Amino acid sequence: MLMIFNTETRQKEQFRPIHDGHIQMYVCGMTVYDYCHIGHARVLVSFDVITRYLRSRGYSVDYVRNITDIDDKIIKRANENNETIEALTTRYIAAMDEDAAALGVIKPNKEPKATEFVPEIVAMVQKLIDNGLAYPAANGDVYYAVNKFASYGRLSHKNTDDLQAGARVDVDEAKKNPMDFVLWKAAKPNEPFWVSPWGNGRPGWHIECSAMSTCCLGNHFDIHGGGGDLQFPHHENEIAQSEGATGEKYVNTWMHVGFVQINDEKMSKSLNNFFTIREVLKLFAPEVLRYFITASHYRSPLNFSDEALTQAKSALERFYHTLKGLPIAAAQGGESFIARFNEAMDDDFNTPEAMAVLYELAREVNRADKTGEAEVAAGLAGRLRELGAVLGLLQDNPERFLQGFAQDGLSDADIDAQIRARQESKKNKDFAGADKIRAGLLAQGIVLEDSRQGTTWRRE
Ligand SMILES: [Zn+2]
């Protein structure tokens, strides 16, 4: 029985898809004006693990993750760079794809872009006006009248009276009520625009997700996810828009990923503790970052530090030491581990528990290996790789992984060339020369290990 914590009800609920065996999931993706940071990495990896697990249990998953390719930040950045919006967003979409691929994140089934859905967005705004839930203002903006949607606040558990008391109006806004939010923004001079019944303008951020999720998945679907900061107002507004437009229930299960902190502080550019995925991947192998993210439950806060990443690296190395030297074999045996792994994942995707099962399985592989049960060890190692794949882990070549990660030092090719030179020296009985090469590599943090099978190496 799969239990998922639903943000809306604040409890774990038994999950039943709307259509048997088929799950429709929409996750709010990136606004593409800069490189993805590790908060983004957490959202990418968490929903990747969720998708992988659901597929491993036989569900077909239709996974949609949108791309916001028009908004204030994008317009501002393109102006600063003196380039077109399209050039900017194309570049950062490519960078996002690279980062996601490096982290082993499987591509969603659909990645709709806001600019490709403007007619659908305009139609939804018109529907909300027709239904009496939205109004065009004198300045050319269109606003959602929050007071007209009876259950507003039900996702974030906010009370509209409190919101009303706390809301302020900017002088340049033409809202009837400070709580109202924008659906369509009138174009300012020199801004990109689309033609609409309310004049030239562009979509507000919230409406794009309502329109794209409905276009891709229908009015009512199973799971809507995103970062925890999107609960309010973004997802609250999506409910008001979608249910206001269609009159149907929008989403059954809302899932939100916890925050990432840096050394126990909020991650922010102003505190100078802001890390992009590619900065981290210069220092650590992608599976290390993935392991670090997966080792915590997706809803818990995640504290990023050098020390935590180094611990993740050591833990992952222990798994690869277990796998090193064992043949790549089909999974065999260890059925009780599958059952326990699935039990952990069925409990709101409890990845720390699932990983604890993998540790035990690794111990079992080591035991069988030590006692000379080669076939058993190989079969269980196959099982370990198979369950690891559900988390997107343990998919590297063990020897390659344990060689470590090239930072600024010698490349793998340099090291291989030196090892060949050392072999050549030995063949010519130039043992002093061979030792000198070994010492030279060691000085650069490369340890050579000679065995009957040949020479392997690892980075210290
Ligand atoms: Zn969204």
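This is a predicted model: local features need pLDDT of at least 70, side-chain atom pairs count only at pLDDT 80 or more; totals for chains, interfaces and linings use all residues.
Which domains does the domain assignment of the protein give? I looked that up and found domain 1 (16-261), domain 2 (313-399) and domain 3 (412-459), with bounds that come from an automatic or database domain assignment.

Residues are numbered from 1 along each chain as its sequence is written.

Next I checked the overall extent. The C-alpha trace spans about 90 × 55 × 35 Å along its principal axes. Between the C-alpha centres of domain 2 and domain 3 I read 32 Å.

Then I looked at secondary structure and found 16 helices and 15 strands; these are DSSP runs, helices being H or I of at least four residues and strands E of at least two, numbered from the N terminus.

For burial, 40% of the 460 residues count as buried, that is, with 20 or more other C-beta atoms within 10 Å of their own, C-beta atoms being placed from the backbone.

My last stop was a helix pair. The axes of α2 (residues 72-81) and α3 (residues 85-102) come within 9 Å and cross at roughly 105°; axes are lines fitted to C-alpha atoms over the stretch in contact, with angles from 0 to 180 degrees between N-to-C directions. That makes α2 roughly perpendicular to α3 (65 to 115 degrees). On the α2 side I noted Ile 74, Ile 75, Arg 77, Ala 78 and Asn 81, and on the α3 side Ile 85, Leu 88 and Thr 89 (contact: C-beta atoms, placed from the backbone, within 7 Å).

Note on methods: Angles under 35 degrees count as roughly parallel, over 145 as roughly antiparallel, 65 to 115 as roughly perpendicular and the rest as oblique. Two residues are in contact if their C-beta atoms, placed from the backbone, lie within 7 Å. A residue is buried if 20 or more other C-beta atoms lie within 10 Å of its own, exposed if 12 or fewer, and partly exposed in between; C-beta atoms are placed from the backbone.
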